[in-house]
Amino acid sequence: MAEEKKNLEKILIEQKLISQERLALAKEEAKKSALPLEKVLIRQGLVNNALAAAIVAKDMGVPFIDLVDYTVDREVLKLITKDVASKYTLIPLFKVGNSLTVAMADPSDIIAIDEIHSKSKCEIDPVLSIANSITAAIDNYYGVAGDIDHIVEDISEEDMNKMLEKLKDSEDIKDSEQLAEEAPLIRLVNLLIVQAIKEGASDIHIEPDEQKLRIRLRIDGILYEKPSPPKFLMNGIISRVKILSKMDIAEKRKPQDGGFTLRAGKREVDLRVSTFPTIYGENVVMRLLNKSSLLIGLEELGFSPDALKKFHVMIRRPYGIILVTGPTGSGKTTTLYATLQTINTIGKNIITLEDPVEYKLALIRQAQINPKTGFTFAAGLRSILRQDPNVIMVGEIRDLETLEIAIHSSLTGQLVFSTLHTNDAPGALTRMVDMGAEPFLIASSVVGVVAQRLVRILCNNCKQGYKPTAELLKELGLEANKDYTFYKAVGCKHCSDIGYKGRLGIYELMLMDEETRKLTIAKVSSDEIMRHAKKAGLITLRDDGLLKAINGVTSIEEVLRVTQVAI
């Protein structure tokens, strides 16, 4: 045993994992407390990297697991509460039969092992892991679930039901406000929002079902279900959100819109809130407006170098129409904001019409349309022309009147940016013809069209390479004899087990040339315009996505998902 201790000390010193002075102090403490040296090293926090921990684990006769690259089985988290995990700095990893493997900062802590054995009803197999990694894993994996349980303990279902009955009988606004101002409810709603911000969600969905209250977060365009509070808290949570959003909390039969601002750490987040009555109660969706994501440069959006160069030339034209197309949620607003920021100078008067204004831009005159007062896109556009603009941004061209005014503006010296809902760039030209605009005016005014989608970015910490089959390459239109490596999503703690983290755009940039103008005037189909555009060098949405997949930025599955191409 003495020889083993010497080997442990020697290895730690040789590997420069601990100084001679620190080791001497640890040995002195071990002698005084009659504890093994490895236990003292753990207690004093001297085992703070993977190599040192692995050496100490070997000496203790237990396995070492580095949690940095480890994915925890979420099912076993139910066996040990967050409070117990935090108290003893441990986290359950997986269960085989009745044996539960638990990562511990101190695998020799008998008291901790006895308690988790009692609570989980399992035999415990302890393994050593670094304390900091365990703490990070607890925060990552337990997240909202443990905090919700802790908060709900402070809320009595009986008291809540009494308040709800009183509210149901009286429909009194003061009762509703009292219900929504209960301290635990405030903490619970704040927790849901802060967790959504932490996970990078764009929307929070609070959805009542017959038996439960479902919470879902939209992260990088996909909805994920999260741990939910008990159903009896539904009305209290919804009342709290409605009060924050300055809505009528007594009105539950009609949809309402509102919003509020929340400070989370150093960040200020705007939330746009919508309620909608359903058969099981009011559905609430909170849109989180992340100002930092709207204020990114053109270079960060995902344009290829060649497309970015062409786009820079396009947006510096003195007049004409530039359209950004794509479905809702494809990043059109972000592209337009980045574009306006790029050309925004003291020498230009830039005015926008938006629905709604999502972020305030310095030096730019922004207006929010209000159809109830008659301030529509068309009406606003007419007034803008009397404000001496150089650049106009119209949030969306929804009707012929708006389109005709936009065309007129572009032909009389303004650069006009707007959006349309079309599947590809050539489709924007035929869409405008279908709306009733004169083809020769479209051909004369449109400078170019950008179609876009958003793909999720593969997590660099866990993405896994693979060689595609010849059949897949053939389906994708790629050369079968080329040595391609594609990547797939795996999932790890860095991406919350999703496999993706963040999004970027794939783009289809079509410049108007003489032949495209002739085809537009001839009212040909968008397919015919697309055939010419490809010959002229257009990179389609799908091809831009494939290039990003080949470069390991995203997966083939993502490209096919957003470009609606099936294998």
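Asp544 touches Gly302, Ser304, Gly505, Ile506, Tyr507 and Ile539, leaving aside residues up to four places away in sequence; contact means heavy atoms within 4.5 Å. Asp544 belongs to helix α22 (residues 541–550). Helices (H or I, at least four residues) and strands (E, at least two) are DSSP runs, numbered from the N terminus. The relative accessible area of Asp544 is 5%, so the residue is buried. Buried means under 20% relative accessible area, exposed over 50%, and partly exposed in between (1.4 Å probe, protein chains only).

The model is predicted; local features need pLDDT of at least 70, side-chain atom pairs count only at pLDDT 80 or more, and totals for chains, interfaces and linings use all residues. Residues are numbered from 1 along each chain as its sequence is written, and side-chain values use heavy atoms, with hydrogens and water left out.

The protein contains 23 helices and 18 strands. Of its 567 residues, 48% are buried. Among contacts with a separation of 6 or more, 61% are between residues 24 or more positions apart.

Rings of Phe, Tyr and Trp (its six-membered ring) pair if their centres lie within 6.5 Å; planes under 30 degrees apart count as stacked, over 60 as edge-to-face and the rest as tilted. The count comes to four aromatic pairs by this rule. Phe303 and Phe311 form a stacked pair, 5.1 Å centre to centre with 20° between the planes. Phe303 and Tyr507 are also stacked, at 3.9 Å centre to centre and 15° between the planes. Phe303 lies in the loop between α12 (291–294) and α13 (305–315) and Tyr507 in strand β18, so this pair ties together parts that are 204 residues apart in sequence. Phe303 and Phe311 are both buried, and Tyr507 is buried too. Phe303, Phe311 and Tyr507 form one aromatic cluster.

Two rings carry a charge. A charge sits over a ring if NZ of Lys or CZ of Arg is within 6 Å of the ring centre and within 35 degrees of the ring normal. The charged end of Arg456 sits over the ring of Tyr500, 4.1 Å from its centre. For Lys463 the ring is that of Tyr487, with the charged end 5.0 Å from the centre.

Helix α21 (residues 526–535) has Ile529, Met530, His532 and Ala533 buried. These buried residues fall within an arc of 165° seen down the axis, so they line one face of the helix. The arc is that of the directions from the helix axis to the C-beta atoms. Arg531 and Lys535 are exposed, on the face turned away from the buried side of α21. The buried residues pack against α17 (425–435), β18 (500–511) and α20 (514–521). Gly537 follows α21 and has a positive phi, near 110°.

In α20, the residues Thr516, Leu519 and Thr520 are buried. They cover an arc of only 100° around the axis, which puts them on the same side of α20. An α-helix has 3.6 residues a turn, so residues three or four places apart point the same way. Exposed Glu514 and Lys518 sit on the face of α20 turned away from its buried side. Cover for the buried residues of α20 includes α17, α18 (439–445), β18 and α21. Just after α20, Lys523 takes a positive phi of about 55°.

Strand β11 (residues 350–354) is mostly covered, with five of its five residues buried. Ile350, Thr352 and Glu354 are buried on one side, and Ile351 and Leu353 on the other. Two strands pair if DSSP finds at least two bridges between them. Four bridges join β11 to β13 (residues 391–394), and the two run parallel. Ile351 has Ile392 as its bridge partner in β13. Four bridges also join β11 to β12 (residues 365–368), again in parallel. Leu353 stands opposite Ala367 in β12.

Phe232 is in the loop between β6 (222–226) and α11 (234–244). Its relative accessibility is 15%, so Phe232 counts as buried. The C-alpha atoms of Phe232 and Leu213, 19 residues apart along the chain, are separated by 8.5 Å.
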